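Please look over the model shown here before reading on.

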Amino acid sequence: MSGVRKPKDEAEKLRARIAIAQGKGRTLTKFIEEILKEKPEDEFVEAVRNRIGLAHEQEETIDVVALIKEMSDIQNQWA
């Protein structure tokens, strides 16, 4: 599972910030593109960002890869 959750403590938060500063991070757009094998529209990225934000607010762990695939499937059904 590729879960998204809040850092457990300040040490974990610091490690994440260090990794990002060292260039180990990537944009959400690029991450979604790697999963879907195509560049996502800005609205799709924003919808994923909003869902991750909601999970963060509710202190919920989500499987972000499954979320992206499900959202893409729903979007394709409506296209």
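Which residues have the most contacts inside the largest nonpolar core? They are L28, F31, I32, V48 and I68, in a core of 15 residues. Two or more residues of this core come from each of α2 (28–36), α3 (42–57) and α4 (64–78). The model is a predicted one.

**Overall layout**

- The protein has four helices and two strands, and from the N terminus on the order of these elements is β-α-α-α-β-α.
- The C-alpha trace spans about 45 × 30 × 20 Å along its principal axes.
- Of the 79 residues in the protein, 23% are buried.
- Among contacts with a separation of 6 or more, 56% join residues 24 or more positions apart.

- An α-helix has 3.6 residues a turn, so residues three or four places apart point the same way.
- F31, one of the core residues with the most contacts, touches R26, V64, V65 and I68 when residues up to four places away in sequence are not counted.

**Helix α1 and its ends**

- Helix α1 covers residues 10–21, which is 12 residues. At 1.5 Å a residue it should span 16 Å, and its end C-alpha atoms are 16 Å apart, so the two values agree.
- At the start of α1, a side-chain oxygen of D9 comes to within 3.2 Å of the backbone nitrogen of A11.
- After α1 comes G23, which has a positive phi, near 85°.
- E12 lies in α1. With a relative accessible area of 19%, E12 counts as buried because the cut-off is under 20%.
- A polar atom of the E12 side chain lies 2.5 Å from the backbone nitrogen of K8.
- Leaving out residues up to four places away in sequence, E12 touches R5, K6 and P7.

- S72 is in helix α4 and is buried, with a relative accessible area of 10%.
- S72 touches L36 and F44, again not counting residues up to four places away in sequence.
- A47 is in helix α3 and is partly exposed, at 31% relative accessibility.
- From A47 to I68 the C-alpha distance is 9.6 Å, and the two residues are 21 apart in sequence.
- R49, also in helix α3, is partly exposed with a relative accessible area of 41%.
- The side chain of R49 makes a polar contact of 3.2 Å with the side chain of E46.
- R49 and T29 are 20 residues apart along the chain, and their C-alpha atoms are separated by 9.7 Å.

**Loop residues with positive phi**

- K37 sits in the loop between α2 and α3. Its phi is near 65°, a positive value in a residue other than glycine.
- K37 counts as exposed, at 71% relative accessibility.
- E59 is in the loop between α3 and β2 (62–63). E59 is not a glycine either, and has a positive phi of about 50°.
- At 64% relative accessibility, E59 counts as exposed.

Key
Residues are numbered from 1 along each chain as its sequence is written. This is a predicted model: local features need pLDDT of at least 70, side-chain atom pairs count only at pLDDT 80 or more; totals for chains, interfaces and linings use all residues. Side-chain values use heavy atoms; hydrogens and water are left out. A nonpolar core is a set of buried Ala, Val, Leu, Ile, Met, Phe, Trp, Tyr and Cys residues joined through side-chain atoms within 4.5 Å. Buried means under 20% relative accessible area, exposed over 50%, partly exposed in between (1.4 Å probe, protein chains only). Contact means heavy atoms within 4.5 Å. The expected span of a helix is 1.5 Å times one less than its number of residues. A polar contact is a pair of N or O atoms within 3.5 Å; within protein, one must be able to donate a hydrogen and the other to accept it, and residues adjacent in sequence count only if both atoms are side-chain atoms.
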